[in-house]
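Q: Can we go through this one together? I'd like to start with the ligand.

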Amino acid sequence: MEFVILTGASRGLGAAMAERLLAPSRRLVCIARTANEPLAAQARARGAPLDHRLCDLGDVAATAALVQSLGEALRSATGVSRFVLVNNAGVVEPICRIESLQAAALARALQVNLGAAMLLASVFLAATEAHDAERRILNISSGAARHPVSGWSAYCSAKAALDMFTRCIAAEHAGQDNAPRVCALAPGVIDTDMQATIRAADRIDFPPIERFRKLKADGALGTPEAVAARIVAFLESDEFGVREIDDIRDH
Ligand SMILES: NC(=O)c1ccc[n+]([C@@H]2O[C@H](COP(=O)([O-])OP(=O)(O)OC[C@H]3O[C@@H](n4cnc5c(N)ncnc54)[C@H](OP(=O)(O)O)[C@@H]3O)[C@@H](O)[C@H]2O)c1
């Protein structure tokens, strides 16, 4: 039995990954603010264990309560050969010039993109330490972690920090028994709500907007289903975690 925790499973890339991960031999815990009824229906049809938790990962108190309950579920799990955490939930907003950043929106973006992922990794590592099972953490990163984009300072900075956090997990566990395999993975450009948000931004706030409109017009965006298929295959493979900072387009 595998035990997988996946954030941001209500739509976009996360929903597509969740659908591929549904299996009777896999206990899947999904997290998002909203439900995913088609996923629940698929799970019932396939006899796949699915536990969808509603949580706002931008809310520190709600996230703390969630991680406590997940810790208990992980600690008490039996018959698990592999534990997996996929930190996929993310927000590109606020999209604006640095001069216009507002405290509340900035704190929220950093919490969803970085703080929640760090806390989930923390409880995941602590609660699975005593289990005799393999452990994998996949942090969904972005090309924006590795190249600055005007208008995306909050997003770029949070994703760059997520890359570094991934390296810190590897460094802290290097040489230990049952060290987790970890990877911060850029998924490429995908046709999701996040891209629609990007294309709807203000040109003043987001100077490179035309590049993103052209990608959509040219049909150059990956579908969530195709990208999810590649990521899930990579996650399950021996290649996973060989490079801590990776890009699915290289596989
Ligand atoms: N799309 C791209 O081109 C692209 C490119 C590079 C990297 N990425 C990364 O890929 C990941 C998935 O992005 P996507 O394009 O699939 O985005 P999306 O379509 O906007 O979906 C985002 C997911 O994150 C969840 N989420 C957002 N805020 C949340 C919150 N406060 N609490 C809990 N869940 C929250 C959403 O669920 P709820 O709204 O139901 O809460 C949703 O399931 C993100 O990490 C993103 O940065 C995407």
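**Around the ligand**

A: Of the 27 residues around the ligand, the nearest are G8, G12, R33, G90 and T192. A residue is near a molecule if its C-beta atom, placed from the backbone, lies within 6 Å of it. This is a predicted model: local features need pLDDT of at least 70, side-chain atom pairs count only at pLDDT 80 or more, and totals for chains, interfaces and linings use all residues. Residues are numbered from 1 along each chain as its sequence is written.

Q: Which helices each supply at least two residues of that shell?
A: Helix 1 (12-21) and helix 6 (193-199). Helices (H or I, at least four residues) and strands (E, at least two) are DSSP runs, numbered from the N terminus.

Q: What is the shell around the ligand like by class?
A: Twelve nonpolar, eleven polar and four charged residues. Ala, Val, Leu, Ile, Met, Phe, Trp, Tyr, Cys and Pro count as nonpolar, Asp, Glu, Lys and Arg as charged, and the others, Gly among them, as polar.

Q: How many bridges link strand 6 and strand 7?
A: Three, in the parallel sense. Strand 6 covers residues 181-186. The bridge partner of A184 is I245 in strand 7.

Q: Now helices. At what angle do helix 4 and helix 5 pack?
A: Helix 4 (residues 103-128) and helix 5 (residues 153-173) pack at about 15 degrees, with axes 9 Å apart. Axes are lines fitted to C-alpha atoms, for helices over the stretch in contact, and angles run from 0 to 180 degrees between N-to-C directions.

Q: Why is helix 4 called roughly parallel to helix 5?
A: Because of that angle, helix 4 counts as roughly parallel to helix 5. The cut-off is under 35 degrees; over 145 is roughly antiparallel, 65 to 115 roughly perpendicular and the rest oblique.

Q: Which residues touch?
A: Among them are L106, A109 and L110 of helix 4, and A154, Y155 and A158 of helix 5. Contact needs C-beta atoms, placed from the backbone, within 7 Å. By class, this contact of helix 4 with helix 5 has 14 nonpolar, one polar and one charged residues.

Q: Where is the cis peptide bond?
A: Between E93 and P94, with omega about 5 degrees. P94 is in the loop between strand 4 (82-87) and helix 4.

Methods: Contact = placed C-beta atoms within 7 Å. Pairing = 2+ DSSP bridges.
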